[in-house]
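Please look at the sequence and the three-dimensional structure shown here before reading the report, which is written for a reader who is new to protein structure.

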Amino acid sequence: MSTFLKACELDSLKSGQMRSMDLSGERIVVIRNGHGVYALKDECTHEEYPLSEGWVEDDCIYCAFHGAKFKISNGEALSLPAYEDVKTYPTRIVDGMVEVEIG
């Protein structure tokens, strides 16, 4: 069964910022981009390096290890060396808190 868990306050993230966290045993990275908030598994599909060590540019997150690029809205792998998508998690905002669906 999936459930939404509180991740962080929306106001604590500025556009282009990300935060790595452990929610119910899942290591995720929460990213605020413009008016959207996204959550992805905090692991590059190429070498299992934390995506939170990389950077956000436009609508993508880049892995700091080899530069793999992923679309933050759906986890799609957009450049080599990664060819597998990153898992994404649904998010919502409730009373100023970012919540992520885990399950």
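This is a predicted model: local features need pLDDT of at least 70, side-chain atom pairs count only at pLDDT 80 or more; totals for chains, interfaces and linings use all residues.

The pairing between β5 and β6, the latter made of residues 60-62, is antiparallel and runs over three bridges. Within this part of the sheet, tryptophan 55 is placed opposite tyrosine 62 of β6.

## Two salt bridges

Side chains of opposite charge can pair when their charged atoms come close. How many salt bridges does the structure hold? There are two salt bridges in the structure, and they can be described one after the other.

One of them joins the side chains of lysine 41 and glutamate 43, with a distance of 3.9 Å from N to O. Lysine 41 counts as partly exposed, since its relative accessibility is 33%, and glutamate 43 is also partly exposed, with a relative accessible area of 27%.

Arginine 92 and glutamate 99 form a salt bridge too, and here the closest N and O atoms are 2.7 Å apart. Arginine 92 is partly exposed at 38% relative accessibility, whereas glutamate 99 has a relative accessible area of 7% and is therefore buried, the cut-off for buried being under 20%.

## Backbone angles to notice

Most residues other than glycine have a negative phi, and most peptide bonds are trans. Against this background, serine 24 has a positive phi of about 50 degrees, although it is not a glycine. Serine 24 belongs to the loop between β2 (18-23) and β3 (26-33), and at 59% relative accessibility it counts as exposed.

Aspartate 58, another residue that is not glycine, likewise has a positive phi, with a value near 55 degrees. The place of aspartate 58 is the loop between β5 and β6, where this residue is exposed, with a relative accessible area of 61%.

Which form does the peptide bond from leucine 80 to proline 81 take, cis or trans? The bond is cis, with omega near 15 degrees, and proline 81 is found in the loop that lies between β7 and β8 (88-89).

Definitions and conventions:
Residues are numbered from 1 along each chain as its sequence is written. Side-chain values use heavy atoms; hydrogens and water are left out. Two strands pair if DSSP finds at least two bridges between them. Helices (H or I, at least four residues) and strands (E, at least two) are DSSP runs, numbered from the N terminus. A salt bridge is a side-chain nitrogen of Lys or Arg within 4 Å of a carboxyl oxygen of Asp or Glu. Buried means under 20% relative accessible area, exposed over 50%, partly exposed in between (1.4 Å probe, protein chains only).
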